[in-house]
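Subject: Model handover and findings

Hello,

Here is the model we talked about. Please open it first, then read the notes below.

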Amino acid sequence: MAKNKKLFSVIMKRELKTYFTSPVAYVVTSLFLIINGILLFSLFFVRNSADLRAFFTNLPVYLSFFVPALTMKLFAEERKSGSMETLMTLPVTEWDVVTGKYLASFIGTLAMIAPTLFYCVAVEVFGTPDYGPIIGGFAGAVFLSAAYTAIGCFSSVITKNQIIAFFTGLAFCVGLTLCDVMVIILPSAMVNFVSFISFRTHFDSIAKGILDTRDIIYFVSITALFFAATVKVMKQTKARG
């Protein structure tokens with residue numbers, strides 16, 4: 001057990017080092033913060049109200065675009081260069097590789113979101129915030145990040161092309177985030193199901209400060225599903241040689 005822990009930890013540290021020295025990560029993070037900052041503070045003046053409701057309302061959509069951009073090269077680049085085959089000849093399991101890469105990417109996503117905590121300072125200065133929904137919103141962001149990262153890992157492992165990996169991850173993330181907007185055109189029998197599988201439905205519940213185990217189980221299940229699928233693809237790729 002200790003050996004396995006050390007192996008995925010080594011891979012995670014390697015990926016984190018690559019992540020924090022990659023210009024792509026800084027460009028994506030900068031764009032995420034700039035877009036969020038402009039929209040948030042412009043609404044402060046338009047609505048004459050300082051709160052983070054607009055930020056958390058749009059966060060699932062923003063993350064569904066930016067997380068796939070962070071994860072697109074996670075497996076695809078190594079598969080294209082052939083370094084993945086070299087890695088798998090070492091005494092590591094598919095579980096070690098996926099866990100290490102997933103955790104590194106998840107930490108990278110949280111690092112992208114972390115500066116938005118300073119928005120709380122602006123809200124405190126210009127308004128009278130209700131910290132229940134704010135804490136719930138950031139807690140929901142962690143669950144969203146975990147699920148989007150798992151989807152991004154899966155999208156990257158099934159192709160050798162980073163662009164395809166990005167658009168595949170984008171399709172999954174946006175589809176699961178915005179599928180609830182389709183309920184108005186769906187048969188009534190499907191409305192409850194489509195609403196249930198929407199990321200926004202569960203995120204909005206947590207962001208209201210309501211900690212429902214059903215929402216937590218949903219995000220954990222989605223994360224575990226795509227994580228397991230990534231491991232399976234890795235095993236199939238290794239078996240094919």
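Start with Phe143. At 23% relative accessibility, Phe143 counts as partly exposed (buried is under 20% relative accessible area, exposed over 50%, partly exposed in between, with a 1.4 Å probe and protein chains only).

Some ground rules. This is a predicted model: local features need pLDDT of at least 70, side-chain atom pairs count only at pLDDT 80 or more, and totals for chains, interfaces and linings use all residues. Residues are numbered from 1 along each chain as its sequence is written, and side-chain values use heavy atoms, with hydrogens and water left out.

**Overall fold**

The chain has 12 helices and 0 strands. Both are DSSP runs numbered from the N terminus (helices are H or I, at least four residues; strands are E, at least two). The radius of gyration is 19 Å, close to the 18 Å that the globule rule gives for 241 residues, so the chain is as compact as a globular protein of that length. That radius is taken over C-alpha atoms, and the rule is 2.2 Å times the number of residues to the power 0.38. Along the principal axes, the C-alpha atoms fill a box of roughly 60 × 45 × 35 Å.

Of the 241 residues, 48% count as buried. The chain exposes about 12400 Å², and carbon and sulfur atoms supply 71% of that. Areas come from the Shrake-Rupley method with a 1.4 Å probe; for residues, only the protein chains shown count as cover. Among contacts between residues at least 6 apart in sequence, 74% join residues at least 24 apart. Contact here means heavy atoms within 4.5 Å.

**Aromatic pairs**

The count comes to 19 aromatic pairs. Rings of Phe, Tyr and Trp (its six-membered ring) pair if their centres lie within 6.5 Å; planes under 30 degrees apart are stacked, over 60 edge-to-face, and the rest tilted.

Take Tyr102 and Phe227. Their ring centres are 5.7 Å apart and their planes at 85°, so the pair is edge-to-face. Tyr102 is in helix α6 (residues 94-113) and Phe227 in helix α12 (residues 213-240), 125 residues apart. Tyr102 is buried at 8% relative accessibility. Phe227 is buried too, at 14%.

Now back to Phe143, which pairs with Phe219. The centres are 6.1 Å apart and the planes at 20°, so this pair is stacked. Phe143 lies in helix α8 (residues 131-157) and Phe219 in α12, so the pair ties together parts that are 76 residues apart in sequence. Phe219 is buried, with a relative accessible area of 1%. Phe143 and Phe219 belong to one aromatic cluster with Tyr148, Phe196, Phe199 and Tyr218.

**Helix α11**

Of the 9 residues of α11 (residues 199-207), 7 are buried, so the helix is largely enclosed by the rest of the structure. Among the buried ones are Phe199, Arg200 and His202. At the start of α11, a side-chain oxygen of Ser198 reaches to within 3.2 Å of the backbone nitrogen of Arg200. After the helix comes Gly209, with a positive phi near 90°.

**Thr29**

Thr29 sits in helix α2 (residues 23-47). At 16% relative accessibility, Thr29 counts as buried. A polar atom of its side chain lies 2.8 Å from the backbone oxygen of Ala25. Leaving aside neighbours within four places in sequence, Thr29 is in contact with Tyr19 and Met112.

Best wishes

Definitions and conventions. A polar contact is a pair of N or O atoms within 3.5 Å; within protein, one must be able to donate a hydrogen and the other to accept it, and residues adjacent in sequence count only if both atoms are side-chain atoms.
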